[in-house]
Amino acid sequence: MLELRDVRRTFHPSTPNEVRALQGVSIDLQPGSFLIIIGTNGSGKSTLLNAVAGTFFVDSGTIRLAGHDITRWPEHRRAALIGRVFQNPFSGTAPNMTIAENLALAARRGQPRGFGPALDRRVRQEFRDRIRTLNMGLEDRLDNAIGSLSGGQRQALTLLMATWRKPDLLLLDEHTAALDPKSADQVIRLTDELIRRDRLTTLMVTHSMQQAVNLGDRIVMMHRGQILHDLQGPDRSRARPEDLLSRFEQVRRREQMDANVAALLQRSYV
Amino acid sequence: MEIQKVQQAELVELWLKGRLDAEWSEFVASAIDEVIRAGCHHVELHMGSVHYISSAGIRVLVKHHRALHGIRGSLSVVSPSEQVDGILRMVGLANIVKQARQAAKPVAPAATVREVHDGAVVLEVQPSSGATAMRVSVHGAPERVLLGGASAADCRTLQFPAETWGLGIGAMGSGYADCESRFGEFFALGGAAATLAPDGSQVPDYVLAAGSLQPTVQALTAIRGTGRFQDHGRFRASAESGGLALSELLESFARQCSAPTFAVALAAETGCIVGAQLTRSPALLGGSSLFEFPAVRDRMSFTTERGTERSTALLCGIVTREPSAPLRAHVRPVAEGSSLHAHIHALVLPYRPVQQGALDLGTAVRQFLESALPTSLLHLMADDRPYEGIGQTELFRGAYWLSPVERIEEGLP
Ligand SMILES: Nc1ncnc2c1ncn2[C@@H]1O[C@H](COP(=O)(O)OP(=O)(O)OP(=O)(O)O)[C@@H](O)[C@H]1O
Ligand SMILES: [Mg+2]
């Protein structure tokens, strides 16, 4: 479904601020596969999602999605295939528009201008039915501005909008990190339900090891713009949060190993 | 709930006042844990002023009674209130209730146990087992393997039945080809052998001798000792709360031991463990040195920060004042400023107190491995870098076994 081949992206090349954010990332994602991405801060997780979404073009490598080579597609063209939820609950929706208007935008996405449902009675009823499944009591507030909702409610709505048209790929970038624990839990539950129900091919970034082992069917750990571990099948099934933490600990140790430690090891290891 | 702690010679009294219910049971449990972690295995709970105990409280009593009983310690409830006494009898725990005067006093150490105070180290020395000096063989060429890699010719099959110990670089499998990518540190003691595959999984695998099953290791380099240990006892730090640096303890053993070279095994409650591990099989070095920087980052892992977590570790190895061939190639200085050279591996397990009194090595090893899975296996070393160095492995207390080593043979390939 999604195929990344040796994807590279360097920010501010040949300047003192050069950052090699992606250094040859390759991933093959089968349809319906739910991949969790973990990694230290700045390891390139968000950059990877941005590269797929088309926030920028990659320097080299190819990106294929649902049979199309989308490497050179602009962001808005990819949006027809991709649903996306960010960490910030305020970024996925238009705050001054009502819930119904936002949903109408989502329902129309990827369709030629002027097509798609107008806000007639039948459509409003459909919105109400779908929103009821969130169990947040929002079905009676269709005409309230999104700006009046809590972070958790917004994130749930954003998720509903991002998956409204069953996208070929769903991108979630720490979409519960800015929420209080109870709302985060609600949104995660909803995420899991929607992805399972529609068998959505998903890339989800999280900092929670608990989420990483409880959700999805594959875990990729990134470090310095590369994939360090790719846990699938039995390796994935038996991974526990403490195993993932221990892998982070190894990364940290690796970073601290300098020439002095190398000399110490040469003196003391046998 | 209020708890007052009274330290007696060989036991700790905890005087409880209040309700021992769900709300307070964890508080009491951690007070008991603290006593055990400080090295005391006999606990009396004075419960005359406790007028209510719920199932949550009973659970704490049962759990700690079992745990202490398992290491030949004891937990008793002394002179409980009528209410608590009644409940404990109803649930069948009358056996842990004692009246104040007849409270079980732990047996004093037998007169034959000698206590040695040696600087920061206190040793309780048990009578010698009468075993003769230990036979030790060394195998392989560590320098050549670590500086360039190995081939099938470096691999030898070593068995580790009871009354042997061993360490080095090895793996469990059918031979060199099978083990090529899995060679890492190995550890063998008391009828068990453990290996750590260098795949970052951090899960040592192990085999316990059983029936005709003998732990067998394919080794690239190894030191192997055969025979019973001669001396046995307990060690602890003389300071109440302090730990011992590994070199302090080894120096003290060296003073106890007549021979310049000795084999040592420990079952120890530890603080920080300082050591290194392979994260890539040296068989795959392909001619380059293991220690080459920066490639070493992908080949070895090293403790670079002092953890505070307590563990229990089994250690074994060899220590010498006079590193001469063929042992020389297999040992390194223990720490800066120490006259000793050593090679010691540690198999780390979750914290569990080490039983007091005389302890059979094979039984101890078996009990540890049956109670929990090992969490790590390391080559111990001191980090004496001038600024960032984190020092040495820290030991609090435990059991030791020592044997002088008279002759060291070069193992046949
Ligand atoms: N648009 C940009 N311009 C310049 N540098 C960028 C840009 N986007 C990301 N970077 C840099 O690329 C590196 C990877 O960033 P990225 O946001 O992908 O990390 P991340 O794994 O998502 O981290 P976090 O866990 O903190 O979200 C960082 O060093 C970051 O500063
Ligand atoms: Mg990010």
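Which residue of chain B forms a salt bridge with Arg267(A)? The partner is Asp384(B), and the closest N and O atoms of the two residues are 3.4 Å apart. A salt bridge is here a side-chain nitrogen of Lys or Arg within 4 Å of a carboxyl oxygen of Asp or Glu.

This is a predicted model, in which local features need pLDDT of at least 70 and side-chain atom pairs count only at pLDDT 80 or more, while totals for chains, interfaces and linings use all residues. Residues are numbered from 1 along each chain as its sequence is written, chains are lettered from A and ligands numbered from 1 in the order in which they are written, and side-chain values use heavy atoms, with hydrogens and water left out.

## The interface between the chains

The size of an interface is often given as the accessible area lost when the parts come together. Between chain B and chain A the buried area is about 2600 Å², and carbon and sulfur atoms give 57% of it. Buried area is the accessible area (1.4 Å probe) that two parts lose on being put together, summed over both. Chain B brings 33 residues to the contact and chain A brings 20 residues, where contact means heavy atoms within 4.5 Å.

Two salt bridges are counted between chain B and chain A. Nine residue pairs, with both residues at pLDDT 80 or more, are in polar contact between chain B and chain A. A polar contact is a pair of N or O atoms within 3.5 Å; within protein, one must be able to donate a hydrogen and the other to accept it, and residues adjacent in sequence count only if both atoms are side-chain atoms. On the side of chain B that touches chain A, the elements giving two or more residues are α4 (142-148), β18 (275-278) and β19 (300-302) of chain B. Helices (H or I, at least four residues) and strands (E, at least two) are DSSP runs, numbered from the N terminus. That side of chain B has 16 nonpolar, eight polar and nine charged residues. In this division Ala, Val, Leu, Ile, Met, Phe, Trp, Tyr, Cys and Pro count as nonpolar, Asp, Glu, Lys and Arg as charged, and the others, Gly among them, as polar.

## A sheet in chain A

Four strands of chain A form an open, antiparallel sheet in the order β2-β1-β4-β5. Two strands pair if DSSP finds at least two bridges between them. Strands β2 (19-29) and β5 (68-69) of chain A stand at the edges with a single partner strand each, so one side of each has no neighbour in the sheet. Helix α1 (residues 45-53) of chain A packs on this sheet and touches β1 (2-11), β2 and β4 of chain A; its direction makes about 65° with that of β2(A). Axes are lines fitted to C-alpha atoms, for helices over the stretch in contact, and angles run from 0 to 180 degrees between N-to-C directions.

Arg9(A) and Asp59(A) form a salt bridge whose closest N and O atoms are 3.7 Å apart. The pair links distant parts of the chain, 50 residues apart: Arg9(A) is in strand β1 of chain A, and Asp59(A) is in the loop between α1 and β4 of chain A.

## Sheets in chain B

Five strands of chain B form an open sheet of mixed pairing in the order β1-β2-β3-β4-β5. Its edge strands, β1 (2-7) and β5 (97-98) of chain B, each pair on one side only. Strand β4 (residues 74-78) of chain B pairs with β5(B) in the parallel sense over two bridges, and Val77(B) stands opposite Val97(B). Helix α1 (residues 22-37) of chain B lies across β1, β2 (12-20), β3 (42-53) and β4 of chain B, at about 175° to β2(B).

| Partner of β24(B) | Sense | Bridges |
|---|---|---|
| β8(B), residues 134-139 | parallel | four |
| β15(B), residues 231-237 | antiparallel | six |
| β16(B), residues 244-245 | antiparallel | two |
| β17(B), residues 261-270 | antiparallel | nine |

Within β24(B), Glu410(B) is the bridge partner of Val138(B), and Trp401(B) is that of His232(B).

## Backbone exceptions

Most residues other than glycine have a negative phi, and most peptide bonds are trans. Phe293(B) and Pro294(B) are joined by a cis peptide bond with omega about 5°; Pro294(B) is found in the loop between β18 and β19 of chain B. Another cis peptide bond joins Ala325(B) and Pro326(B), with omega about 0°. Asn135(A), which is not a glycine, has a positive phi of about 55°.
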